Amino acid sequence: MKAHWLCLALLFVSLPAAARPTRTRHQHETSKRRTIDVKELSKAPKLTKLAKAEYPPQAMGQSDEVAVSLLVDLDNKGEVTGVSVLEPKTATGLGFEDAAVSAAYDLGFEPAEIDGKPVPVQIVYNFKFIPPKPAPEEQRANKAGLPVEP
């Protein structure tokens, strides 16, 4: 079952330092950023493309609803350049975090702007994983105690 996105919240905005290297999916920069107030934005980033995060197969029958909060780096083109898990603080071990991080790289955004100029920002993005409901034939078989054919 597909995970549903919960919300998109602007955490803080950062402006690039001089000659800062471009962040990639596998490489995070270590340079300092100047944090500015979100009120300085003339335009917040706008979600333009949703991503599908699949419920991890290894979690079937082992977990209820799970929420994963991510800190997502967007460049001045609105592209996702980095992702880290904020919540849950302790990994579930069932693949929710990996599914959310992977899906985050498929998100699309219009860039944030200050005075009409695109700027990189960090946002908080949440995925909510809801266990899929069994197919009607599985429910009938389970009630009768019968094995379910794949």
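Mentor: Start at lysine 117, which lies in strand β8. One caution first: this is a predicted model. Is lysine 117 buried or exposed? Its relative accessibility is 59%, so it counts as exposed. The cut-off for exposed is over 50%. Now look across to asparagine 76. It is 41 residues from lysine 117 in sequence. In space, the two C-alpha atoms are 8.6 Å apart.

What does it come close to in the fold? Take proline 45. The C-alpha atoms of proline 45 and alanine 112 are separated by 4.2 Å. Proline 45 is in the loop between β2 (34–36) and β3. Its relative accessible area is 11%, so proline 45 is buried. The cut-off for buried is under 20%.

The largest nonpolar core has 31 residues. Those with the most contacts inside it are Leu70, Val80, Phe96, Leu107, Phe109, Phe127 and Phe129. Which elements give two or more residues to this core? They are β4 (66–74), β5, α1, β7 and β9 (121–129). In soluble globular proteins, nonpolar side chains tend to be buried together.

Take α1 (96–104) from that list. Its buried residues are Phe96, Glu97, Ala99, Ala100, Ala103 and Ala104. Look down the helix axis. The buried residues of α1 fall within an arc of 165°, so they line one face of the helix. What covers them? The cover includes β4, β5 and β9.

Ring pairs link Tyr55, Phe96 and Phe129 into a cluster. The structure holds three aromatic pairs. Alanine 59 touches Phe96 too, and it also touches Leu94, not counting residues up to four places away in sequence. Between the C-alpha atoms of alanine 59 and phenylalanine 96 there are 8.2 Å. Along the chain the two are 37 residues apart. Alanine 59 is in the loop between β3 (46–49) and β4. At 0% relative accessibility, alanine 59 counts as buried.

Move to β9, where tyrosine 125 lies. Tyrosine 125 is buried, with a relative accessible area of 0%. Its C-alpha is 5.2 Å from that of leucine 70. Leu70 is one of the core residues with the most contacts.

Tyr125 is also in contact with serine 69. Serine 69 has its place in strand β4. At 16% relative accessibility, serine 69 counts as buried. Set aside neighbours within four places in sequence. Serine 69 is then in contact with Ser84, Val85, Leu86, Glu87, Tyr125 and Asn126. With asparagine 126 there is a polar contact between the two side chains, at 2.4 Å.

Glu87 was in that contact list. Follow it one step. A cis peptide bond joins glutamate 87 and proline 88, with omega about 0°. Proline 88 lies in the loop between β5 (80–87) and α1 (96–104). That loop leads on to the helix we looked at.

Finally, the whole chain. How many helices and strands does it have? There are two helices and nine strands. Read along the sequence, the pattern is β-β-β-β-β-α-β-β-β-β-α. Of the 150 residues, 39% count as buried. The accessible surface comes to about 9,200 Å². Carbon and sulfur atoms hold 53% of that surface. Now consider contacts between residues at least 6 apart in sequence. Of these, 75% join residues at least 24 apart. The contact between serine 69 and Asn126 is one that you have already seen.

Notes:
Residues numbered from 1 in each chain as written. Predicted model: local features only at pLDDT ≥ 70, side-chain atom pairs only at ≥ 80, totals over all residues. Heavy atoms only, no water. Helix = DSSP H or I, 4+ residues; strand = E, 2+ residues; numbered from the N terminus. Core = buried A, V, L, I, M, F, W, Y, C linked by side-chain atoms within 4.5 Å. Buried < 20%, exposed > 50% of the residue type's maximum accessible area, 1.4 Å probe, protein only. Arc of directions from axis to C-beta. Contact = heavy atoms within 4.5 Å. Areas by Shrake-Rupley, 256 points an atom, 1.4 Å probe, with all protein chains shown as cover. Phe/Tyr/Trp six-rings, centres within 6.5 Å; stacked < 30°, edge-to-face > 60°. Polar contact = N/O pair within 3.5 Å; in protein donor to acceptor, adjacent residues only side chain to side chain.
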